[in-house]
Each structure stands twice: as C-alpha cells, then as structure tokens.
Amino acid sequence: IATNKYIATMSSNACQSSYCNQGWSEVLTHMSPYGYANFGIAFGLGLSVVGAAWGIWLTGSSLVGAAVKAPRIRSKNLISVIFCEATAIYGVIMAIILANKVKKPDEATSSLSEDWDWAGYYYAGYGMFSSGLSVGLTNIASGVSVGIAGSSCAIGDAQDSSLFVKILIVEIFASALGIFGIIVGIIQSNSCTFPITALE
C-alpha cells in the first residue's frame with residue numbers, strides 16, 4: 001500500500017528519513033520539480049556562457065597574437081568573436097523561454113493535495129531540466145568548436161588572406177551546432193506545463 005501511494009503521489013510519507021535525505025537517490029527523487037526546472041534554467045544559461053567565454057578566449061588570444069605581425073586581420077576576424085557570443089545568446093533565449101513556463105499553484109499552500117497532477121508536475125520539472133541541460137551542453141561544444149576554428153582562421157588569415165572565407169564556412173557550421181541545440185531544447189520543453197490546480 002505504501003508503495004502504491006508513493007507512485008501515485010510522490011508524497012514525503014514514503015521517505016526513509018524525516019527530511020528525505022537518507023541518500024542521494026532519496027534526495028534526487030524527492031526534490032521539488034520547481035527545483036529541477038530552475039536548475040535546468042541555470043544550466044542552460046550558465047553552460048552557454050561558459051561555452052561562449054571559452055570560445056572567445058581561444059579565438060581572441062590567437063587573433064591578438066597574429067595581429068601583431070599582420071594588423072590587417074583585426075577587424076574582419078572579429079566575426080569569430082561574434083559567432084562565439086551567439087552561443088551565449090542562445091542560452092539567454094532558452095532561459096527566458098523556460099522561465100516563462102514555471103507557474104506557481106493558484107492557492108498558496110505548504111503542501112499539495114493528494115489529487116494533484118503529480119505525473120504532470122514531475123514531468124514538467126524533469127522535462128525543463130533536460131531541456132536546459134541539452135542546450136547548455138550543446139552550446140559548450142559549439143562555443144569551443146567555433147573558438148578553435150576562429151583561432152585557426154586568424155592564424156591562417158595572417159599568413160594567406162585567401163584562407164579567410166574558406167575557414168569562415170567551417171565556423172558557420174560549428175555555430176550551427178548551437179542552433180540545433182536550441183531547437184531540440186524548445187521541442188523538449190513544449191509539453192512541459194506545471195499544473196496550477198488539483199485534478200477534477
């Protein structure tokens with residue numbers, strides 16, 4: 001009976017300890033879906049910014065170094081920095097979309113009722129967490145790949161200006177990885193809706 005109640009309501013009565021902190025499995029399975037949703041927002045934004053910063057660090061250091069010998073590359077190679085910054089913008093867009101999906105219950109209460117839509121409640125939390133994590137990890141990969149390609153572009157352009165456009169195409173494809181991530185993240189979060197009232 002206790003197991004059925006746990007599956008149906010995910011209530012704190014099924015915890016092995018009074019604060020649901022007997023172990024990591026108990027902590028993670030009893031954490032509020034609002035917590036998972038907000039962690040998803042934080043990971044989506046935070047990891048995207050890390051990816052952008054990492055890419056700018058890689059491409060910016062090579063750009064400044066190569067510009068010492070070939071000052072002509074300074075202005076046109078700034079496009080590599082812009083591509084890196086775009087990954088952070090993708091994270092900001094996803095964070096705004098996810099933050100607008102978090103809804104509080106209509107009635108303020110310390111605990112939710114037994115007839116609450118627990119399945120939809122946890123589905124929304126897990127879905128937003130996975131959506132934010134997908135976008136964040138994709139943008140780290142995109143930012144690093146754009147940064148490495150931009151670094152090579154700056155060094156190659158300093159030696160031979162005809163290489164700029166050719167390597168720029170590689171950067172565009174690397175930047176597209178971030179777009180793929182945000183598209184998948186939006187699809188993942190589309191069906192995530194927090195219930196605000198109990199089931200009829």
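1. Helix H4 against helix H6. The axes of helix H4 (residues 78–99) and helix H6 (residues 163–189) cross at roughly 5° and come within 10 Å. Axes here are lines fitted to C-alpha atoms, for helices over the stretch in contact, with angles from 0 to 180 degrees between N-to-C directions. H4 and H6 are therefore roughly parallel to each other. The cut-offs: under 35 degrees is roughly parallel, over 145 roughly antiparallel, 65 to 115 roughly perpendicular, and the rest oblique. Helices (H or I, at least four residues) and strands (E, at least two) are DSSP runs, numbered from the N terminus.

2. Basis of the model. This is a predicted model, in which local features need pLDDT of at least 70 and side-chain atom pairs count only at pLDDT 80 or more, while totals for chains, interfaces and linings use all residues. Residues are numbered from 1 along each chain as its sequence is written, and side-chain values use heavy atoms, with hydrogens and water left out.

3. Residues between H4 and H6. Contact means heavy atoms within 4.5 Å. On the H4 side, the residues are Ile79, Ser80, Phe83, Tyr90, Ile93, Met94, Ile97 and Leu98. They meet residues of H6 including Phe164, Leu168, Glu171, Ile172 and Ser175. Gly178, Ile179, Ile182, Gly185, Ile186 and Ser189 of H6 also take part. By class, the contact of H4 with H6 has 13 nonpolar, 5 polar and 1 charged residues. Ala, Val, Leu, Ile, Met, Phe, Trp, Tyr, Cys and Pro count as nonpolar; Asp, Glu, Lys and Arg count as charged; the others, Gly among them, count as polar.

4. Helix H4 against helix H5. H4 and H5 pack at an angle of about 175°, and their axes are 8 Å apart. H4 and H5 are therefore roughly antiparallel to each other. From H4, the contact takes Ser80, Phe83, Cys84, Thr87, Tyr90, Gly91, Met94 and Leu98. Their partners in H5 include Met128, Ser131, Gly132, Val135 and Asn139. Ser142, Gly143, Val146, Gly147 and Gly150 of H5 are also in the contact. By class, the contact of H4 with H5 has 8 nonpolar, 10 polar and no charged residues.

5. Ser48. Ser48 lies in helix H3 (residues 33–69). Ser48 is buried, with a relative accessible area of 0%. Buried means under 20% relative accessible area, exposed over 50%, and partly exposed in between (1.4 Å probe, protein chains only). Not counting residues up to four places away in sequence, Ser48 touches Phe43, Thr87, Ala88, Gly91, Val135, Gly136 and Asn139.

6. Aromatic pairs. The structure holds 10 aromatic pairs. One of them is Trp118 with Tyr121: ring centres 5.8 Å apart and planes at 75°, so the pair is edge-to-face. Rings of Phe, Tyr and Trp (its six-membered ring) pair if their centres lie within 6.5 Å; planes under 30 degrees apart are stacked, over 60 edge-to-face, the rest tilted. Trp118 and Tyr121 are 3 residues apart in helix H5 (residues 118–159), about one helical turn. Trp118 is buried at 12% relative accessible area, and Tyr121 is buried at 7%.

7. Tyr122 and Tyr126 form a tilted aromatic pair, 5.9 Å centre to centre with 50° between the planes. Both lie in helix H5, 4 residues apart, about one turn of the helix. Tyr122 counts as buried at 8% relative accessibility, whereas Tyr126 is partly exposed at 36%. Ring pairs link Tyr34, Tyr36, Phe39, Phe43, Trp118, Tyr121, Tyr122, Tyr126, Phe129 and Phe194 into a cluster.

8. Cysteines. A search of the whole structure finds 1 disulfide, a term for a pair of cysteine sulfur atoms within 2.5 Å. The disulfide joins Cys15 to Cys20, S to S 1.7 Å. The torsion about the S-S bond of Cys15 and Cys20 is about 75°, so the disulfide is right-handed. Cys15 and Cys20 are buried. The sulfur of Cys84 is 11 Å from the closest cysteine sulfur, in Cys153, too far for a bond. Cys84 is buried at 0% relative accessibility, and Cys153 is buried with a relative accessible area of 0%.

9. Gln22. Gln22 sits in the loop between helix H1 (2–9) and helix H2 (24–29). Gln22 is exposed, with a relative accessible area of 51%. Gln22 touches Gln16 and Ser17, not counting residues up to four places away in sequence.
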